[in-house]
Amino acid sequence: MTGGAIDVILPCLDEAGALPWVLARMPDGFRPLVVDNGSTDGSADVAEAHGARVVAAPVRGFGAACHAGLLAASSDVVCVMDADASLDPADLPRLTAELQALQSGGVPGLVLGRRRPVGRGAWPPHARLGNAVLARSLNRRAGTRLRDLGPMRAARRAALLSLGLADRRFGYPLETVLRAAAAGWRITEVDVPYRPRTGTSKVTGTLGGTVRAVRDMRRVLAETAP
């Protein structure tokens, strides 16, 4: 939809075991940009060996990695997704096609992948509950109708940069939706399969990780002006 390759930002912290599958599944026309957030398992070397561009984001934080990737990207449209093999890059063209349809008339758009669990343990109950509570809070605050704050997304790079995103932790994805809604963007979601991740979970697979993510997102809800 842009006349060139679409950069796919892959925030990465110790995902050496998952990256080969993720990068091998990258569709034609999509260019992986692995943002290494201080990995100690050789993730950067694995990514480079499989043809990905690697960008360092030494300051820890999911938002810090996402934003470093956004700054390093050069395509008109960018995608973001986890690098842990829970999401399939082969689904990205459906998000970008929906984005193209959403943006008719020149209004910026944001498309999220709504996670649909596939396989035992893909989305633990505590993580699903935390996500549902946050989605309801977001919908009341922003007037959206989202059912998931999913990590697979597509939008135009310049439009994302114009939002002035400030959070550099787990609140970054929520802040993106809040600020996009406040700016009048069209926001929708597309169902995508969600599989058990490869390796040790740092967020949704642990109660502590989920609590930290929910805490960060509640802080963003409180601090972001409506």
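1. Aspartate 14 lies in the loop between strand S1 and helix H1 (19–24). This is a predicted model. In it, the phi of aspartate 14 is near 55 degrees, which is a positive value in a residue other than glycine. Most residues other than glycine have a negative phi. Aspartate 14 is partly exposed, with a relative accessible area of 31%.

2. Alanine 85 is a second residue to look at for its phi, which is near 75 degrees and again positive without the residue being a glycine. Its place is in the loop between S4 and H4. Is alanine 85 buried or exposed? Alanine 85 counts as buried, because its relative accessibility is 8% and the cut-off for buried is under 20%.

3. The sheet comes next. Seven strands form an open sheet, and their order across it is S3-S2-S1-S4-S6-S5-S7, with mixed pairing. Which strands stand at the edges? They are S3 (53–56) and S7 (186–194); each has a single partner strand, so one side of each is left without a neighbour in the sheet. On average, neighbouring strands are turned by 25 degrees against each other, direction ignored.

4. Strand S1 covers residues 6–12 and strand S4 covers residues 77–80; the two pair in the parallel sense over three bridges. Within this pairing, isoleucine 9 stands opposite valine 80 in S4.

5. Two helices can be described by the strands they touch. Helix H3 (residues 62–72) packs on the sheet and touches S1, strand S2 (30–36), S3 and S4. The direction of H3 makes about 155 degrees with that of S1. Helix H4 (residues 92–102) also packs on the sheet. H4 touches S1, S2, S4, strand S5 (109–117), strand S6 (153–156) and S7, and its direction makes about 165 degrees with that of S7.

6. Strand S5 has seven of its nine residues buried, so it is largely enclosed by the rest of the structure. S5 and S7 run parallel and are joined by nine bridges, whereas S5 and S6 pair in the antiparallel sense over three bridges. Leucine 112 stands opposite glutamate 189 in S7, and leucine 112 also stands opposite arginine 153 in S6.

7. Glutamate 189 is found in strand S7. Why does glutamate 189 count as buried? Its relative accessible area is 12%, and buried means under 20%. Which side chain does the side chain of glutamate 189 join in a polar contact of 3.0 Å? It is that of arginine 147. Leaving aside neighbours within four places in sequence, glutamate 189 is in contact with Leu112, Arg114, Arg145, Leu146, Arg147 and Asp148.

8. On aromatic rings, a search of the whole structure finds zero aromatic pairs. A ring does take part in another arrangement: the charged end of arginine 115 sits over the ring of tyrosine 194, 5.1 Å from its centre.

9. Helix H7 spans residues 172–182, and nine of its 11 residues are buried, so the helix is largely enclosed by the rest of the structure. The buried residues are Tyr172, Pro173, Leu174, Glu175, Thr176, Val177, Leu178, Ala180 and Ala181. H7 is followed by glycine 184, whose phi is positive, near 85 degrees.

Definitions and conventions:
Residues are numbered from 1 along each chain as its sequence is written. This is a predicted model: local features need pLDDT of at least 70, side-chain atom pairs count only at pLDDT 80 or more; totals for chains, interfaces and linings use all residues. Side-chain values use heavy atoms; hydrogens and water are left out. Buried means under 20% relative accessible area, exposed over 50%, partly exposed in between (1.4 Å probe, protein chains only). Helices (H or I, at least four residues) and strands (E, at least two) are DSSP runs, numbered from the N terminus. Two strands pair if DSSP finds at least two bridges between them. Axes are lines fitted to C-alpha atoms, for helices over the stretch in contact, and angles run from 0 to 180 degrees between N-to-C directions. Contact means heavy atoms within 4.5 Å. Rings of Phe, Tyr and Trp (its six-membered ring) pair if their centres lie within 6.5 Å; planes under 30 degrees apart count as stacked, over 60 as edge-to-face and the rest as tilted. A charge sits over a ring if NZ of Lys or CZ of Arg is within 6 Å of the ring centre and within 35 degrees of the ring normal. A polar contact is a pair of N or O atoms within 3.5 Å; within protein, one must be able to donate a hydrogen and the other to accept it, and residues adjacent in sequence count only if both atoms are side-chain atoms.
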